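Hi everyone, thanks for making time this morning. I'd like to walk you through one model, so let me put it on the screen.

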Amino acid sequence: MEEQEILTTLKILIIGESGVGKSSLLLRFTDDTFDPEQAATIGVDFKVKTLSVDGNKAKLAIWDTAGQERFRTLTPSYYRGAQGVILVYDVSSKQSFTKLDAWLSELETFATKHDMIKMLVGNKIDKEKREVSKEEGLKFARKHHMLFIEASAKTKEGVQCAFEELVEKIIQTPGLWETSGHSLRLDAEGGQASSNCYCVV
C-alpha cells in the first residue's frame, strides 16, 4: 500500500487546572507511557504525533500548558491558530471542574479560530473517590457545545478515543484547516465515527 500523504497539520491545545493530568494524557497518547510521579509542566510542553482518521492522515502538534497562574504569561500566542482544544478536569476534584468556566472564558478571549472544536475530558476515572458525576460533565459539555468523554491516563481508557474524535470533528469542519488543493476522503457514512466511543456533542 502506498504511503498515505499527510492531509494537514493541526494545532491542538490541552488546557485545564494544574494537576488534572494534562501531561499524563498527552504522554499516554503520544508515547503510551504513564508516570505516576509526573512533574508539573513549566511553561509549555509540545509533542507531535501523526494520526489516521477516516482514511485521512493528520499531523498533530499538541501543546500542553502549565495550569499554574505564574507560568501563564504566553497565553495569547499559545492559543493563536489552534483548531482544537482538549479541556481537562479531574473527576475526583470538584474544584478543577468549577474552574472550567474560567478556562473557557480565556479560550474565548484568545482563540483566533472561533469555530475551533472543543473536547471536554473528565480524567482520572480510575480513582475511587469521585466528586464530579458523568452526568455533570455531560451537562457542561452540552451547554458549551463540546464533545465529551471520560478517560484515565493511568489505565489508557478513553485517551486515544478523545484525540481521535477531536481530530475527526476538525477534519469534518473544512473551513477550520483547509487550504486550497486538499481533497478530503470521508467514508461512505459521511465520515461518522466508527469507533465505539461514547463521545457526545
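In helix 1, the buried residues are Lys 22, Ser 23, Ser 24, Leu 25, Leu 26, Leu 27, Arg 28, Phe 29 and Thr 30. That is nine of the ten residues in the helix, leaving helix 1 mostly covered. By buried I mean under 20% relative accessible area, with exposed being over 50% and partly exposed in between, using a 1.4 Å probe and protein chains only. Helices here are DSSP runs of H or I with at least four residues, strands are runs of E with at least two, and both are numbered from the N terminus.

A word on the source: this is a predicted model, where local features need pLDDT of at least 70 and side-chain atom pairs count only at pLDDT 80 or more, while totals for chains, interfaces and linings use all residues. Residues are numbered from 1 along each chain as its sequence is written, and side-chain values use heavy atoms, with hydrogens and water left out.

Let's stay around helix 1 for a moment. Just after this helix, Asp 32 takes a positive phi of about 55°, although Asp 32 is not a glycine. Asp 32 sits in the loop that leads from helix 1 (22-31) to strand 2 (44-53), and it counts as partly exposed at 41% relative accessibility. Ser 18 and Ser 96 are 78 residues apart in sequence, yet their C-alpha atoms are 8.4 Å apart in space.

Now, strand 5. Leaving aside residues up to four places away in sequence, Asn 123 touches Val 20, Gly 21, Leu 25, Val 88, Tyr 89, Asp 90, Val 91, Ala 151, Ser 152 and Ala 153; a contact means heavy atoms within 4.5 Å. Lys 124, in the loop between strand 5 (117-123) and helix 5 (134-143), is a residue other than glycine with a positive phi, near 70°.

Helix 4 (residues 100-110) has Leu 100, Trp 103, Leu 104, Glu 106 and Leu 107 as its buried residues. Seen down the axis of helix 4, they fall within an arc of 160°, so they line one face of the helix. That arc is taken from the directions from the helix axis to the C-beta atoms.

A cavity is a set of points on a 1 Å grid over the protein atoms alone where a 1.4 Å probe fits but cannot get out, and lining residues have an atom within 4 Å of a point. There are two cavities of 30 Å³ or more. Which residues line the second largest cavity? They are Leu 25, Ile 86, Val 121, Ala 151, Val 159, Ala 162 and Phe 163. Helix 6 (residues 159-171) gives the largest share of that lining, three residues.

Finally, the whole chain. The protein chain has seven helices and six strands, running β-α-β-β-α-β-α-α-β-α-β-α-α from the N terminus on. Buried residues make up 49% of its 201 residues. Of the contacts with a separation of 6 or more, 75% join residues 24 or more positions apart.

How values were computed:
1 Å grid on protein atoms, 1.4 Å probe; cavity = no way out; pocket = protein on both sides within 12 Å on 5 of 7 lines; lining within 4 Å. Points joined across faces, edges and corners; volume = space filled by probe spheres on them.
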